[in-house]
Amino acid sequence: MSTPETKGAGLKWVGRAIRRLEDPALVRGQGRFTADLPAAHWVRFVRSPEAAGKIVKITAPEGATVITAADLKGVKKITPMLHKFAYRPIGQPILADSGVRFVGEAVAAVVAPSEEEAEDIADLVEIEIDASTPIVDSRDALKDGARQIHDEAPGNVILEGKVKTPGFDAIWNAAAKIIKLDARSHRQNATPMEARAAHAAYDPVSRRVTLHCTTQMPHLMRTAIADVLSMPESDLRVIAPDVGGGFGQKMSLCAEYVVLVWLARKLKSSVGWTEDRRENLIASFHSRDQYITLEAAFDKNAKLLALRADVISNIGAYSCFPTTSGVEPLMAMAEMPGPYDVQQYECRARGVITNTCTMAAYRGVSRPVITFTLERLMDKAALAFGMDPIDIRRRNLIDKFPYKSAMGLEYDEATYKETLEMAVKAVDVPAFRARQKAARAKGKYLGLGFATFSERTGYGSPAFAARGMEITPGWETVHLTIDPSGFVEARIGSSPHGQGLRTTLAQIIADEIGVTPDIIKVIHGDTDTAPYGWGTFASRSLVISGGATLIAARKIRAKLIKIASHLLEAAPEDIVLEAGSAKVAGTDRTITIAKMAREAYTQTHKFKGEIEPGMTERGTYDPPGTFSNACHVAMVEFDIETGHVRMEKFIVAEDAGKIINPMIADGQVHGGIAQGIGNALLEEIIYDETGVPTTATLADYMPPTAHEIPEIELHHIETPSTQSITKAKGLGEGGCIGAPAAIINAINDALTPFNVAIDEIPATPQRIRAALREAEKAARKTA
Amino acid sequence: MNEKTDITLTINGADHTIKVEPRRTLVDAIREDCGQTGTHIGCEHGVCGACTVIVDGEPVRSCLMFAVQAAGRQIRTVEGLATDDKLHPMQQAFMDHHGLQCGFCTPGFLMLAVGVLEREPNISDDDLLDVLSSNLCRCTGYQGIIKAVRAAAVEMRGK
């Protein structure tokens, strides 16, 4: 791969694996992250050691600056809102007021001149708590008589979604076979390598506060913090500088950031906070803690007729802003049917409050869990029908488009069957089965697992409105400028943090206006310099911000042609933009884009009032949404003695529409799969029965290292999306959506001789060995 | 414990005379007292390796070393890899092979890989994978990192 030398002419930038414009600074150690900023004061939060109870007394060392809820008079609670699904709004105090609801909840903020001093003082702050018995498991929270964690939410249910298609019962009752699965996904943490950090600085002249923080949504942070503090939003500037990964965890509003802004205004100074890893693992946001019971009705030919699901999502102690804790249960309900043709569907999805860390979005949001559940069920059904798992998928995957799902979602053209066949071919199934047989004879257990899925991407505001969200993200705006020196600036509302958007948007602009990407700067992440927008999440930025960029670039293109037509005295249709110039086709008359831009500012009299001065255009895009799709295949080797699962190989056949930069697209898939492997085999936030998290270091939580990630083989199909003007579909989440399902199916395939079922993620050696022991015991009893 | 001592840290050939408490970690001293923020902190438990620097030719976790232990020794950080306008082959390889996304773990991976390849230029692919397993990256799935380090190894051997 190399950066092409040709400057534009005759070649398209879109579709090429050019190097990232982000990289030169980052490889030199010149990235600018929040924790790099010096501050006059540092904060250390004192966190609750108890999972539940009343705060009796907080004792601080004499002379120390320690802020508690009592100091934050007039500061509102964080109260996210949803107008559907019997949602009960519950408020989260910025610092715990009367009681605590999870271990790690911030109770007090110590302020000192250095981080070390703040930590020393925090160690001396005593919190006396009248503890109650915590509720950790969502099923315990649902039991009759369970202690109510929030006054506003009887039965500890924060929301309940219900759906049932007309005619469901008749179809269900007439089915030839019902297959049932009880699936469990344990709790996970997105674990960005950069934990949370914030830095708030007060400017005595303007009386404004500038908050740097590790967020995926700088504009919404500004709106939310201004609301909670009842301050004019214009007095707050939020900057997301370089952000060290987010994966959804950095979407939500952190109470800690509110404290930092409050302190900067109170102290009229600068205040910094850098979370440590333990805080990140226990008190930043968690996800994926779900129980799903899924049943499927089939006709006698293994055609899927109906699905019935019951989803219990443990949402933790509070509701996250802006999505609310509906984010997981409602995503599960909306997208459970996945890539299969099934028109009858019944679902109940509940969000359940417990004394654990608050749940929020994490890459894939519920879809890794529902895909694992549905794909596991399809394998079980294949077994019941005596079919090959590949054949039952062939029989049931959607192949006519547009397709309207039982939930009313419209699927645009995709390649569910084609990617399955592509993956099947890449695997060479007969060769694998022969190898598997030979290995079994030697006491070695190999497994092969498939997962097919759809990934809803790039959806605009109507999709969020359908969930009843008070805050409906969706659209994005781009302000595109050619400055008087001829350089290009795109100011975007999205807020990338590793996705390479500066490069891919530059590629889109370069093609449209005939310049090279290296003269294009994409500016983002600063509420003073970037237009209002929603940020980077939900596999949306390339589709939505990319679409807005294309709209703005087309307007700039039109304006350049108009100017060229004036200055070169030619008809607009004869003007060609390429290689940094406008040319009159078939002549040697030419003018550089830089010169035209300069004249658009400095020689406007030439245009006789027919062209607006300057060279800035806006594009806004709010698309309906599209669907990427893929087939994932895991090949594993299982060690019967230790319970260890070794990943042998991972194969992906995927379709994300038009690919703007193949190198960046592959990187997104690779990274997603690695997280999916971690989610399937290793990663689990564990609470003990007293509500204390016991996985508080990376050595306990165990994100995968290079050792656990096998060779990943990628195959692509590009089906241009009709629902996205760049024809690109998003693909940020797909990697981690399919991987757990494929791996769990592969493990079950490897375990075929033992009559066990692994329906739980992560499938740790302990869990698999326990299942094997149980199966042995049962076999002995029958014997 | 909290009394500060004078030490001199030599980072990328430049001396920094600073006052630190004995408990101050090397990474805090590098970042805060010497202002070299290219080295990052990911866990402070010695697990993730984001803070890897080279001390006297050996990659170390600078969150597990006290600043006073590094006094008088040669410390190299990511800021010292490139010479003027020329990137180190490892930096170039990370760009060429998409060895980074958010860039937070990158300085640690660069210093780990450079440190190991300088000592063991002919390291086997398996051993190299072992070494690279000592640091964590959450973005790339390691595919680009492994490719980049293997490519840089070839380049560095050719010198």
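In which sense, parallel or antiparallel, do strand 14 and strand 15 of chain A pair, and over how many bridges? In this predicted model, strand 14 (residues 304–316) runs parallel to strand 15 of chain A, and ten bridges link the two. Along that pairing, Val311(A) sits opposite Ala349(A) of strand 15. To get from strand 14 to strand 15 of chain A, the chain passes through helix 8 (residues 327–335), making a right-handed β-α-β crossover.

Strand 15 of chain A also pairs with strand 7 (residues 157–164) of chain A, this time in the antiparallel sense and over seven bridges. Here Lys162(A) faces Arg348(A) of strand 15. How many of the ten residues of strand 15 (residues 344–353) of chain A are buried? Nine of them are, so strand 15 is largely enclosed by the rest of the structure.

## Where chain A meets chain B

Now for the contact between the chains. Chain B puts in 48 residues and chain A puts in 52. An interface's size is often quoted as the accessible area that is lost when its parts come together. For chain B and chain A, the buried area comes to about 4,000 Å², with carbon and sulfur atoms giving 57% of that.

On the polar side, 21 residue pairs are in polar contact between chain B and chain A, counting pairs with both residues at pLDDT 80 or more. There are also five salt bridges between the two chains. One of them joins Arg24(B) to Glu116(A), with the closest N and O atoms 2.4 Å apart. Which elements give two or more residues to the side of chain B that touches chain A? They are helix 1 (26–33), helix 2 (89–96), helix 3 (106–119), helix 4 (125–132) and helix 5 (143–157) of chain B. Helix 2 of chain B gives the most, with five residues.

## A look at Asp511(A)

Back in chain A, Asp511(A) belongs to helix 14 (residues 501–513). Is Asp511(A) buried or exposed? Its relative accessibility is 17%, and the cut-off for buried is under 20%, so Asp511(A) counts as buried.

What does Asp511(A) touch, leaving aside its neighbours within four places in sequence? The residues in contact with Asp511(A) are Leu11(A), Lys12(A), Trp13(A) and Val14(A). As for Leu577(A), which lies 66 residues from Asp511(A) along the chain, the two C-alpha atoms are 9.4 Å apart.

Terms used: Residues numbered from 1 in each chain as written. Chains lettered and ligands numbered in written order. Predicted model: local features only at pLDDT ≥ 70, side-chain atom pairs only at ≥ 80, totals over all residues. Heavy atoms only, no water. Buried < 20%, exposed > 50% of the residue type's maximum accessible area, 1.4 Å probe, protein only. Helix = DSSP H or I, 4+ residues; strand = E, 2+ residues; numbered from the N terminus. Pairing = 2+ DSSP bridges. Right-handed = clockwise from strand over helix to strand, strands pointing away. Contact = heavy atoms within 4.5 Å. Buried area = accessible area lost by both parts, 1.4 Å probe. Salt bridge = Lys/Arg side-chain N within 4 Å of Asp/Glu carboxyl O. Polar contact = N/O pair within 3.5 Å; in protein donor to acceptor, adjacent residues only side chain to side chain.
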